[in-house]
Amino acid sequence: MQKVRDIMSNDIQACTPLDNVFEVAVKMKEWNVGSIPIVENNQLLGMITDRDLVVRGIAEKHPGSYQVTKVMSDHLCTISPDASADEAAQLMAEHQIRRLPVVENGHIVGMVSLGDLSLNQLTDQQAGAALTTISEKNDHHLH
């Protein structure tokens, strides 16, 4: 059984609490990612997603200079690098998330995405089931 450390991405692009939402958006564009961890001294403080930027930033008419700490999510679901890939898939489906920060001793060491799961240990059927669960739950929030 594969562990999270075997499938996670190690190349994490992060911002700090000193960055503003414009800087986060630029980093998302440059790295073609939909979420950025907010880190201070390698400690994970929160995550900011493209949806957070829209819903808590633009839709609330906040300027690009708005603090990331006022837009980020700070009640995060994380996983240990020693957990199994199955546990990661279950957590992601249960919490309706597409990206899961990997934390060891309070420090962010990686990120697991649905793509990481589908390309590795999980079968296409298991990854598809996780994505379906996430998508169905998120669709209900849109109506």
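1. How much space lies in the second largest pocket? The second largest pocket holds about 260 Å³, where a pocket is an open set of points on a 1 Å grid over the protein atoms alone, where a 1.4 Å probe fits, with protein on both sides within 12 Å along at least five of seven lines, and a volume is the space filled by probe spheres set on the points. Its lining has 15 residues, of which Asp 11, Val 33, Ser 35, Arg 99 and Met 111 are the closest to the centre; lining residues have an atom within 4 Å of a point.

2. This is a predicted model, in which local features need pLDDT of at least 70 and side-chain atom pairs count only at pLDDT 80 or more, while totals for chains, interfaces and linings use all residues. Residues are numbered from 1 along each chain as its sequence is written, and side-chain values use heavy atoms, with hydrogens and water left out.

3. Strand 1 (35-40) and strand 4 (107-113) each supply at least two residues of this lining, and strand 1 gives the largest share, 3 residues; strands are DSSP runs (E, at least two residues) and helices are runs of H or I, at least four residues, numbered from the N terminus.

4. Gln 13 sits in the loop between helix 1 (4-7) and helix 2 (21-31), and Gln 13 is buried, with a relative accessible area of 18% (buried means under 20%, with a 1.4 Å probe and protein chains only).

Conventions
Buried < 20%, exposed > 50% of the residue type's maximum accessible area, 1.4 Å probe, protein only.
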